[in-house]
Amino acid sequence: MVKKKKTGQSKQTPVRKFFRVLGKIILIIFIISILLPLAYRWINPPFTPLMVIRKVQNGTPIEKEWRDIDQISRHMVSCAIASEDNNFLSHRGFDWRAIQRAIDEHKTRGRNRGASTISQQTAKNVFLWPGHSWIRKGAEVYFTFLIETFWSKERIMEVYLNVIEMGDGIYGAEAAAQHYFHKSAAKLNLYQSALITACYPAPLKRNPAKPSGYLCRRAGQISALTYKFGRISFDEEYIKRAKERYAKRKMEWYEIEF
């Protein structure tokens, strides 16, 4: 007697199995990608992909010492905002005005102008690898959105100042302060903070302890700009006022352009 095949019973073909396994892997990666930024709201990142890459490629020892933001000179905070992201306290991770200006400058002058915010740089440093591919940029946007959602601005700045590359094997404000100026990050003065910050675009080529003429000029510019922002605070009222000023400027830009 021949048994009839059950109708509606689907065969598990190799292709179907592959896509089922792939779907599970993608789901796991997606869940981890959310849980990790959420955990880092309270847990300090022990290392970053860039630290591992530099260690593997060059064998460079990793110099880093975590410091809470109240253990880092306020000048480092001011210089970071003055140099890297004037609207850090106002935007939600992306400074669209800066992005548009970068696009316009590339079109008119052929120059590449940086438009990454401190939030984007933090997301890139903590979760991603170096590079300029569209996949990595897309992941950067994704992780920037997550940390802006899960973390406070103070936490973003704290992580940024502890993981950013500040020299060959040197990561974070404390390691930089000790290496270049033989003092703690809490004791850095304005000019020393500005010199360290001025090295960010090319930390492997510049030395704040032996600054070139360009580095001195750039540090002077950053120092002068910090006075425009005054004493930075992360309390709700200060951030609220910063957002209101930013919204007002956006309206002015809109009126000028249109």
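What share of the 258 residues in this protein is buried? Buried residues make up 41% of them. Hello everyone, and a quick reminder before I go on: what we are looking at is a predicted model.

Let me start with confidence. The mean pLDDT of the protein is 88, and 85% of its residues reach 70 or more. Among the elements, helix H7 has the highest mean pLDDT, at 98, while helix H4, residues 96-109, has the lowest, at 65. Where pLDDT is low, the predicted coordinates should not be read in detail.

Now the overall layout. There are 11 helices and three strands. If you follow the chain from the N terminus, the order of elements is α-α-β-α-α-α-α-α-β-β-α-α-α-α. Taking the contacts with a separation of 6 or more, 70% are between residues 24 or more positions apart.

For one example of two positions separated along the chain, take glycine 59 and glycine 169. They lie 110 residues apart in the chain, and their C-alpha atoms are separated by 9.2 Å. Glycine 59 sits in the loop between H2 and strand E1, and is partly exposed, with a relative accessible area of 42%.

The largest nonpolar core has 55 residues, and the members that touch the most others are Met76, Met157 and Met166. Which helices each supply at least two residues of this core? They are H3, H5, H6, H7, H8, H9, H10 and H11. Have a look at methionine 76 in particular. Beyond its neighbours within four places in sequence, methionine 76 contacts Leu161, Met166, Ala173, Leu188, Ser193, Ile196, Thr197 and Tyr200.

The buried set is Ile118, Ser119, Gln120, Gln121, Thr122, Ala123, Asn125, Val126 and Phe127. What covers them? The cover includes helices H1, H2, H3, H6 and H7.

Let's stay with one of those partners, H6, which spans residues 134-150. H5 and H6 pack with their axes 8 Å apart, at an angle of about 110°. The range from 65 to 115 degrees counts as roughly perpendicular, and the two helices are therefore roughly perpendicular to each other. From H5, the contact uses Ser119, Gln120, Thr122, Ala123, Lys124 and Phe127; from H6, Arg136, Glu140, Phe143, Thr144, Ile147 and Glu148. The residues of this contact divide into four nonpolar, four polar and four charged.

The other helix is H9, residues 190-198. H9 is mostly covered too, with eight of its nine residues buried: Leu190, Gln192, Ser193, Ala194, Leu195, Ile196, Thr197 and Ala198. These buried residues pack against H3, strand E2, H8 and H10. Remember methionine 76 here: its contacts include Ser193, Ile196 and Thr197.

Most residues other than glycine have a negative phi. Histidine 182, though, has a phi near 55°, a positive value in a residue other than glycine. Where is histidine 182 found? Histidine 182 is in the loop between H8 and H9. Is histidine 182 buried or exposed? It is exposed, with a relative accessible area of 67%.

Key:
Residues numbered from 1 in each chain as written. Predicted model: local features only at pLDDT ≥ 70, side-chain atom pairs only at ≥ 80, totals over all residues. Heavy atoms only, no water. Axes fitted to C-alpha atoms, helices over the stretch in contact; angles between N-to-C directions. Helix = DSSP H or I, 4+ residues; strand = E, 2+ residues; numbered from the N terminus. Parallel < 35°, antiparallel > 145°, perpendicular 65-115°, else oblique. Contact = heavy atoms within 4.5 Å. Nonpolar A, V, L, I, M, F, W, Y, C, P; charged D, E, K, R; others polar. Core = buried A, V, L, I, M, F, W, Y, C linked by side-chain atoms within 4.5 Å. Buried < 20%, exposed > 50% of the residue type's maximum accessible area, 1.4 Å probe, protein only. pLDDT = per-residue confidence, 0-100.
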